[in-house]
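Hi everyone, thanks for coming. Let me put today's structure on the screen, and then we'll walk through it together.

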Amino acid sequence: MRVGVLGATGAVGSTILGVLAERRFPASEVIPFASERSAGRSIELGEEELEVRALDEETIKGLDLVLSSAGGAVSAEWAPKLVAAGAVVVDNTSYWRMHEDVPLVVVGVNDEAAEHHRGIVANPNCTTMVALMALAPIHRAAGLERVVVSSYQAVSGTGQKAIEELRHQSKLVLEGDQSPPATVYPHRIAFNVLPQVEVFADGDDYTTEERKVMAETRKILGLGEEVGISATCARVPVFTGHSESVNVQTREDLSPDACRELLAAATGVVVDDDPAAGRYPLAIDAAGRDDVLVGRIRRDPGHERCLNLWVAGDNLRKGAATNAVQVAELLVERELVRRGDAGLFQA
Ligand SMILES: NC(=O)c1ccc[n+]([C@@H]2O[C@H](COP(=O)([O-])OP(=O)(O)OC[C@H]3O[C@@H](n4cnc5c(N)ncnc54)[C@H](OP(=O)(O)O)[C@@H]3O)[C@@H](O)[C@H]2O)c1
């Protein structure tokens with residue numbers, strides 16, 4: 001099986017290459033793609049050196065599976081072309097996620113949705129993914145009635161340039177410069193918290209990131225309008241690992257102990273919850289691992305069927321690369337690597 005990794009020089013794409021190697025994904029060949037700027041560069045995959053290619057009608061021929069994370073505009077243009085050329089695309093960008101013919105899959109939560117793919121399978125937003133690892137088992141056991149998510153998101157969620165900006169600004173501030181240049185974010189991120197992740201589109205008072213968390217959670221869990229979902233997303237000066245405060249109101253009773261028990265039994269979730277001993281999910285503990293950590297599980301004193309949780313997950317791994325590779329594994333296991341219907345996906 002020939003596998004393309006689109007955006008291979010980026011924060012997510014380079015993590016995908018690592019995860020493919022770690023999990024020994026059954027590829028006969030892995031081909032990294034990036035922009036024209038990187039074409040010809042070589043990057044490492046295990047012991048191998050791979051040459052980065054640019055996208056064109058010739059280079060995309062003969063691919064079976066493509067894991068794509070080169071931004072929405074690239075996916076809008078190239079995913080239909082890749083499907084037409086015979087590949088199944090697992091897309092990490094937000095472009096196709098809400099398309100009615102594109103399943104949005106969190107492996108371990110709604111695997112069966114992948115069965116109905118027509119050529120593109122979308123990977124959810126990293127903040128959605130981290131919250132859902134805790135919310136899905138709760139929904140299955142007690143039914144969601146209302147969810148309030150407040151996120152504290154790492155800069156690697158924005159990509160390589162944001163990682164460099166935090167590093168550079170932190171150095172300058174520590175050297176006494178209180179106004180280092182901010183190019184990626186609208187304000188300084190070093191030693192600051194920004195209550196804005198992505199943009200306020202068309203006069204909306206929620207950001208596009210907040211809209212994604214709300215809409216994607218609904219699509220993945222199949223929730224109707226009767227379930228209230230509210231999100232506030234903030235960017236914090238952390239390199240990797242999104243943390244989220246999740247307030248969840250259920251239809252059935254669910255005690256903190258019962259919640260701890262069901263999350264401890266859930267695949268891909270680790271309960272880290274002994275606050276008296278200083279044990280709770282930390283971004284630095286979540287970074288570099290695939291499990292999502294959940295702790296601070298406690299009753300909301302304001303409502304008898306409401307719990308508060310603290311969740312932390314690696315935005316680049318389960319939040320992006322690991323889930324994309326797990327989707328690819330699922331497609332292989334279920335023999336779903338097959339020609340799609342490119343006609344459905346004209347941008
Ligand atoms: N970071 C996360 O935690 C996360 C999580 C989930 C989803 N995502 C999504 O994944 C995508 C990539 O994010 P990232 O954080 O990895 O960004 P990034 O670090 O900025 O990487 C972007 C990648 O896209 C490539 N690229 C840019 N323009 C291109 C073009 N015209 N043709 C082909 N390749 C092009 C870049 O190649 P060059 O190096 O050649 O410029 C690079 O490999 C975004 O859509 C993002 O929303 C990110």
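Let's start at one pair of residues: Gly 295 stands opposite Trp 310, which belongs to strand S13. Before going on, a word on what you are looking at: this is a predicted model, in which local features need pLDDT of at least 70 and side-chain atom pairs count only at pLDDT 80 or more, while totals for chains, interfaces and linings use all residues. Residues are numbered from 1 along each chain as its sequence is written, and side-chain values use heavy atoms, with hydrogens and water left out.

Two strands pair if DSSP finds at least two bridges between them.

So, which strands are we in? Strand S12 (residues 292–299) and strand S13 (residues 306–313) pair in the antiparallel sense, over 5 bridges. Another facing pair here is Arg 298 and Asn 308, the latter in S13. The two strands are joined by a hairpin through 6 residues.

S13 has another partner as well. Strand S10 (residues 242–250) runs antiparallel to S13, and 8 bridges join them. In S13, Ala 312 has Ser 243 opposite.

How covered is S13? 7 of its 8 residues are buried, where buried means under 20% relative accessible area, exposed means over 50%, and partly exposed is in between, using a 1.4 Å probe and protein chains only.

Now zoom out to the whole sheet. 6 strands form an open sheet with mixed pairing, in the order S9-S8-S10-S13-S12-S11. At its edges are strand S9 (228–235) and strand S11 (269–271), each pairing on one side only. From one strand to the next, the twist averages 20°. For that and other angles, axes are lines fitted to C-alpha atoms, for helices over the stretch in contact, and angles run from 0 to 180 degrees between N-to-C directions.

Which helix packs on this sheet by touching S8 and S9? Helix H5 (residues 208–221) does, meeting strand S8 (144–153) and S9, and its direction makes about 140° with that of S9. Contact, by the way, means heavy atoms within 4.5 Å. Helix H6 (residues 256–264) lies across S11, S12 and S13, and runs at about 170° to S12.

Let's move to another sheet. Here 5 strands form an open sheet with parallel pairing, in the order S2-S1-S5-S6-S7. Strand S2 (29–33) and strand S7 (120–122) each have a single partner strand, so one side of each is left without a neighbour in the sheet. Neighbouring strands of this sheet are turned by 20° against each other on average, direction ignored.

Inside it, strand S5 (residues 65–68) and strand S6 (residues 88–91) pair in the parallel sense over 4 bridges, with Val 66 standing opposite Val 89 in S6. Helix H2 (residues 72–84) packs on this sheet, touching strand S1 (2–6), S5, S6 and S7, and its direction makes about 155° with that of S6. H8 lies across S5, S6 and S7, running at about 165° to S5.

H8 also meets a helix. The axes of helix H3 (residues 126–142) and helix H8 (residues 317–333) come within 8 Å and cross at roughly 90°. H3 and H8 are therefore roughly perpendicular to each other; that label covers 65 to 115 degrees, with under 35 roughly parallel, over 145 roughly antiparallel and the rest oblique.

What meets what there? From H3 come Cys 126, Met 129 and Met 133, and from H8 come Lys 318, Gly 319, Ala 320 and Asn 323. Those residues divide into 4 nonpolar, 2 polar and 1 charged, counting Ala, Val, Leu, Ile, Met, Phe, Trp, Tyr, Cys and Pro as nonpolar, Asp, Glu, Lys and Arg as charged, and the others, Gly among them, as polar.

And the cysteines? Across the whole structure there are 0 disulfides, a disulfide being a pair of cysteine sulfur atoms within 2.5 Å. The sulfur of Cys 233 is 9.2 Å from the closest cysteine sulfur, in Cys 126, which is too far for a bond. Cys 126 counts as buried because its relative accessibility is 14%, and Cys 233 counts as buried at 1%.

One last stop: Leu 344, in the segment after H8. Leaving aside neighbours within four places in sequence, Leu 344 is in contact with His 99, Asp 101 and Arg 118. Leu 344 and Gly 119 are 225 residues apart in sequence and 9.0 Å apart in space, C-alpha to C-alpha.
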